[in-house]
Amino acid sequence: MTFPQDPAAGDPWSVPAPPPPAADLPAVPGPVIVQIGDMGVTSTVVHTPAGDIPLAGSTWTVHDYWHNETKIPKWAIIAAIAGFCVLTVFSLLFLLVKVTITQGTVQVTVTNGTRQYVARIPVTDQTQVTYVHQQVNYVRSLAAL
């Protein structure tokens, strides 16, 4: 038994024609693997507020713009003033207490062709700076694949 190649449209017993091939849909990038500031990195794309940048072939740079600042804490100033009434000279030793405060930003730049995006990440500790560098190194290894 053979089936006709072009069945009649009104024949309910004919073999249906195969559906036409689907148009090429863009690949779904998948879940976010790494979040660097306001950039989300998937296995194929870098999502930025300015639009998506392809991950393959992208160039990543990191610049540190942070500094350490040494200050006398407020509690030491209050203790020196309050203690001045009781122990005049010894209360001034509280003014020798110093606290180091780290502040600034780490600037991460991703470039691919003519597309570029810069993220500025505020940091308050050296461990946060190290963590941003580790994330960027991981994304560099993903971009090289």
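Me: How many aromatic pairs does the rule give here?
Reply: The count comes to one aromatic pair, where rings of Phe, Tyr and Trp (its six-membered ring) pair if their centres lie within 6.5 Å. Bear in mind that this is a predicted model, where local features need pLDDT of at least 70 and side-chain atom pairs count only at pLDDT 80 or more, while totals for chains, interfaces and linings use all residues. Residues are numbered from 1 along each chain as its sequence is written, and side-chain values use heavy atoms, leaving out hydrogens and water.

Me: What makes the pair of Trp-75 and Phe-94 edge-to-face?
Reply: Their ring centres are 6.5 Å apart and their planes stand at 80°, so the pair is edge-to-face; planes under 30 degrees apart would be stacked, over 60 edge-to-face, and the rest tilted.

Me: Which parts does this pair tie together?
Reply: Trp-75 lies in helix H1 (residues 74–84) and Phe-94 in the loop between H1 and strand S6 (99–112), so the parts joined are 19 residues apart in sequence. Helices (H or I, at least four residues) and strands (E, at least two) are DSSP runs, numbered from the N terminus.

Me: Why does Trp-75 count as exposed?
Reply: Its relative accessibility is 52%, and exposed means over 50%, buried under 20%, partly exposed in between (1.4 Å probe, protein chains only). Phe-94, at 34%, is therefore partly exposed.

Me: How do you know that Glu-69 forms a salt bridge with Lys-71?
Reply: Their closest N and O atoms are 3.8 Å apart, and the rule asks for a side-chain nitrogen of Lys or Arg within 4 Å of a carboxyl oxygen of Asp or Glu. The count comes to one salt bridge.
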